[in-house]
Amino acid sequence: MIDQTTLWIVIVGLGVGSYLFRFGFIGIIGDRNLPPWILRHLRYTAVAVLPGLVAPLVLWPPATGGELDAPRLVAAVVTIIVGLKTRNPLVAIGFGAVTLYGGLYLAG
Amino acid sequence: MPRQTTKSPFWMGCRDAAPFLLVVGPFAVLFGVLATEAGLNVVETMTFSFLVIAGAAQLTGLQLMVEQAPVLVVLASALAVNLRMAMYSASLTPYLGGASLWTRAFAAYFIVDQSYGLSILKFEQNPDWSLQERLAYFWGTVAPVCPFWYVFTLVGALLGTSIPESFALDFALPICFLAIITPMLRSRAHIAAALVSIVVALVFAWLPYNLGLLVAGLAGMMTGAEIERRTELAHD
């Protein structure tokens, strides 16, 4: 169970922090330019954080007690390949889901 | 066409943003369902979506709380996912910075992936647009996306735990994130950032408090930025 205090600190902190990110430049900084090296780092935040979050969940899924699981692993690989080929998240999710359910069915 | 001033950019924005409902809707439902399964009630789940209005960061925060990570690690990791909003804000400033403070304060809340991505593209294509036309287009891209973020979060929260275990919802988050990340891998720098993030996250998975993810995020960002810098140097 998630602790209530933790939950509300995260909800409010994440909300306020995200708003400050959104408001920071358009609201406060105005037309002044940012140093290029900061913008360079900001460009890669999403691709730097999300894969690191997902990788352990793919290799060591909590649902199987951390054991490598063939249907989940194959579904992840199919999602990646289809995502790279089509550049379309919906199509990738579709293929990933079908692969996962097919794999789980075959694995019994 | 003098009457085609502010109304048509708004509808143009609506039309351009409407297809994204297909992504935003299921993503919001997923958040609502997973939040409910993690023990959040409807008020908590809805407040989460209202205040943060960013799916990837919300799901990151939720996942880390489920893993019992300390509050500072949860906040830092989820905020890192949302750092790109600062970049969006910076890049919209030359186009919308002339609006009144209240308008900017209100618009800032609605800077999301879809409204930013569509708006910046249109603003670059239409340098002759007035501030009013740009704002109208921006609100047009917000209208079919953001309200549905709340609505579909609620749908997910109400569905909640009624979804049977055979749906393997535990793996919906990894599949969604992988599907969102892969189209972002546009350059060598993006690919390298993602690969470094994966390797570092796995190697440092033993670190306490889920600190491995923060180390991975930092390493990934620095990798992407450094490769971009070198690529630019090579082209100069």
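A: Axes are lines fitted to C-alpha atoms, for helices over the stretch in contact, and angles run from 0 to 180 degrees between N-to-C directions. Helices themselves are DSSP runs (H or I, at least four residues; strands are E, at least two), numbered from the N terminus. The model is predicted: local features need pLDDT of at least 70, side-chain atom pairs count only at pLDDT 80 or more, and totals for chains, interfaces and linings use all residues. Residues are numbered from 1 along each chain as its sequence is written, while chains are lettered from A and ligands numbered from 1 in the order in which they are written.

Q: At what angle do helix H12 and helix H13 of chain B pack?
A: The angle between H12 (residues 188–203) and H13 (residues 211–235) of chain B is about 155°, and their axes are 8 Å apart. H12(B) is therefore roughly antiparallel to H13(B), a term for angles over 145 degrees.

Q: Which residues make up the contact of H12(B) with H13(B): nonpolar, polar or charged?
A: Nonpolar covers Ala, Val, Leu, Ile, Met, Phe, Trp, Tyr, Cys and Pro; charged covers Asp, Glu, Lys and Arg; the others, Gly among them, are polar. The contact of H12(B) with H13(B) has 13 nonpolar, eight polar and two charged residues.

Q: How many helices and strands does chain B have?
A: Chain B contains 13 helices and zero strands. Its C-alpha trace spans about 60 × 55 × 30 Å along the principal axes.

Q: What share of the residues in chain B is buried?
A: A residue is buried if 20 or more other C-beta atoms, placed from the backbone, lie within 10 Å of its own. In chain B, 50% of the 236 residues are buried.

Key. A residue is buried if 20 or more other C-beta atoms lie within 10 Å of its own, exposed if 12 or fewer, and partly exposed in between; C-beta atoms are placed from the backbone. Angles under 35 degrees count as roughly parallel, over 145 as roughly antiparallel, 65 to 115 as roughly perpendicular and the rest as oblique.
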